[in-house]
Amino acid sequence: MRRTLAWLRALADNVSAALLAAMFAAFILQIFTRYVMNDPLSWTQEVCVTAWLWLVLWGSAFSLTERDQVRFDVLYTWVGHRTRRWFAITSAAALFAGFAASFPASLDYITFYRIKKSPTIGIRLDVVFSVYAIFAAAVIVRSGYEVWRLLRGGRLPEERQTDHSEEHTGVPTI
Amino acid sequence: MSPAFTLCLVVLFGLAAIGAPIAHSMIVAAVVYLAVAGQDLGLAAEQMIQGIYDSFIILAVPLFIVAANIMNEGAISDRLLDFCKAVVGRFRGGMAQVDILVSLIFSGMSGSAVADAAGVGKVTINMMIRSGHYSPGFAGAVVAASATIGPIIPPSIPMVMYALVSDASIGYLFLGGVVPGLLMTLVMMVLTSWIAHKRDIPAEESVPLRKLPGITFGAFPALLMPVILLAGIYGGATTPTEAAAVAALYALLLAAFLYRSVTWRSLSNVFSESAKSSASVGLVIGSALIFNYIVAVENVPNSIASMLDYLDLKPLAFLLFANLLFLFLGCLLDATTIILVIIPLFIPACRALGIDLVHFGVVAVVNCMIGLITPPYGMLLFVINGATGIAVSAIVREIVPYLLALIATLLLLILFPDLTLWLPRQFGYQG
């Protein structure tokens, strides 16, 4: 089970990295064809924004650990262990409720776009936008599992950082 | 303010306070708002998807992240260090001066303070500590303070974000950062040399002048990077987003072919790490777009503007007040959150008071960068702690003089808008 999860996570990381690489390559191609060949391609811009949308939501769903997220943890680290547990349960429960409540409406919005295709490549837009549903589903499953786990006395998120976290400082770049 | 919006704010700040990720908190707060206001809950998804899918300029953010990570991976920073050592190593507190100069040059290539601190900053910290003349706390403080120059000198990731929420021109914002960035560098170098005199920190062994041409030649391709970037943007050849891609490509070519320091493996690491940072920052951007939609629907900026009108604030008093607030929030919040969520609330008021949006943007970004080194929540302090193991408290003790110097610089920038606006005007800015 644990090995399968690690393998899936590595796969998800590779997908994120590949999306970023694809975006970068498409961008370079766009610049090259516009400024060097003087004959710009029309589809590169769309590849860029599509890859970017997928990178953000796919990466947030599967590649980011607890520590990679932007959060305000001054209060969280200041309070005692018991309070922390309640903080973690409350925030996971709120995420579960918020994302679950809006899931059907989000799905409606996405499937509405099955009638439209993207302007240059012609992919159906419901397919392009479906990554939001994947992201929302991942949040629902993760936070639901987290509530269940913490209520049964499982360890707090920051105590579980033993695997794969290497030297990653877990901060976004600004 | 409607009850729905009040509840939305309570949920947002409540969730964020107990440690939920900021981006997720904004989405949940938005859903609560939509539910109470009786609107379609799918609007949250719509705003986020359309916001990310439609805004082309924001693509500069992941590209600048890739560029910075490639430069850190390659031997580019080593060549630059040799060059800076040859130029300012001969002065008192030489290694600290080298760090500040290398930060300045690096800031012309990367748009990220965190990348500067975690990359070349980590190297200079080790060199300072190894020399035995610098305490770890002081080394960490110099690197943290000098890394704040990174996003002030163009390119700049936070300025791209500010441009997104304010509709100010990225090109003029970038130009507006040049003089303030140089001013910050000068102030920190003077301060460092004063501290070095007081503590009797010696100079580095001075590099003979005849070696200088060779060292400059070795660093030349790296030194050329800011020139390519800026000439591309201001020569009108490329957009800032395209310039970001060119910067990343140039860094990649240098590292791969000239310095031969990048392997397939390290390259895949660069993309993997950059993808994580991009996703994390992209999600905050996307969620902030939902939140900004609600703020616009609720007409919050106009209420703030009319309130300021009522208070009859002069532009300068408004600027000082806003900056005090940002400094305070900078102690507690992440810079991304301040730029994307808090600053948009002030932009209509700026317009109403006739404050130039490029001036306001540069000042606000300088302010947020100061926020990166103020405890308890100072991202750069955490990054240096994570990368080198120097205790945050040790850095904080030594950073106070730098913090004061930077705040004094900020005050100068607020009082004299020409410091920021002079260069953009030379390039045709009508502000």
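How many of the 14 residues of α6(B) are buried?

**Figure 1. Helix α6 of chain B in the predicted model.** Helix α6(B) is mostly covered, since 14 of its 14 residues are buried. The helix runs over residues 94-107 of chain B.

**Figure 2. Overall form of chain B.** Chain B contains 21 helices and zero strands. Its C-alpha trace spans about 75 × 45 × 45 Å along the principal axes. A compact globule of 431 residues would have a radius of gyration near 22 Å; the value for chain B is 22 Å, which agrees. Of the 431 residues in chain B, 64% are buried. The accessible surface of the chain comes to about 15,000 Å², and carbon and sulfur atoms account for 66% of that area. Among contacts in chain B with a separation of 6 or more, 79% join residues 24 or more positions apart.

**Figure 3. The largest nonpolar core, with 227 residues.** The residues with the most contacts inside this core are F99(A), F129(A), Y132(A), I343(B) and F360(B). Helix α13 of chain B, residues 264-297, gives the most to the core, with 13 residues. From chain A, the core draws at least three residues from each of domain 1 (1-49) and domain 2 (64-174).

**Figure 4. Surroundings of F360(B).** F360(B) is one of the residues with the most contacts inside the largest nonpolar core. Leaving aside residues up to four places away in sequence, F360(B) touches Y162(B), F318(B), L319(B), A322(B), F326(B), I343(B), F346(B), C350(B) and I355(B). One of these partners, I343(B), is also listed among the residues with the most contacts inside the core.

**Figure 5. T44(A) in helix α2 of chain A.** Helix α2 covers residues 44-63 of chain A, and T44(A) lies within it. The relative accessible area of T44(A) is 0%; buried means under 20%, so T44(A) is buried. Not counting residues up to four places away in sequence, T44(A) touches A26(A), L29(A) and Q30(A).

**Figure 6. T77(A) in helix α3 of chain A.** T77(A) belongs to the helix formed by residues 74-78 of chain A. With a relative accessible area of 47%, T77(A) is partly exposed, because this class lies between the 20% and 50% limits. T77(A) and A97(A) are 20 residues apart in sequence, and their C-alpha atoms are 25 Å apart in space.

Notes. Residues numbered from 1 in each chain as written. Chains lettered and ligands numbered in written order. Predicted model: local features only at pLDDT ≥ 70, side-chain atom pairs only at ≥ 80, totals over all residues. Heavy atoms only, no water. Core = buried A, V, L, I, M, F, W, Y, C linked by side-chain atoms within 4.5 Å. Buried < 20%, exposed > 50% of the residue type's maximum accessible area, 1.4 Å probe, protein only. Helix = DSSP H or I, 4+ residues; strand = E, 2+ residues; numbered from the N terminus. Domains from an automatic or database assignment. Contact = heavy atoms within 4.5 Å. Rg over C-alpha atoms; globule rule 2.2 N^0.38 Å. Areas by Shrake-Rupley, 256 points an atom, 1.4 Å probe, with all protein chains shown as cover. Expected span 1.5 Å × (residues − 1).
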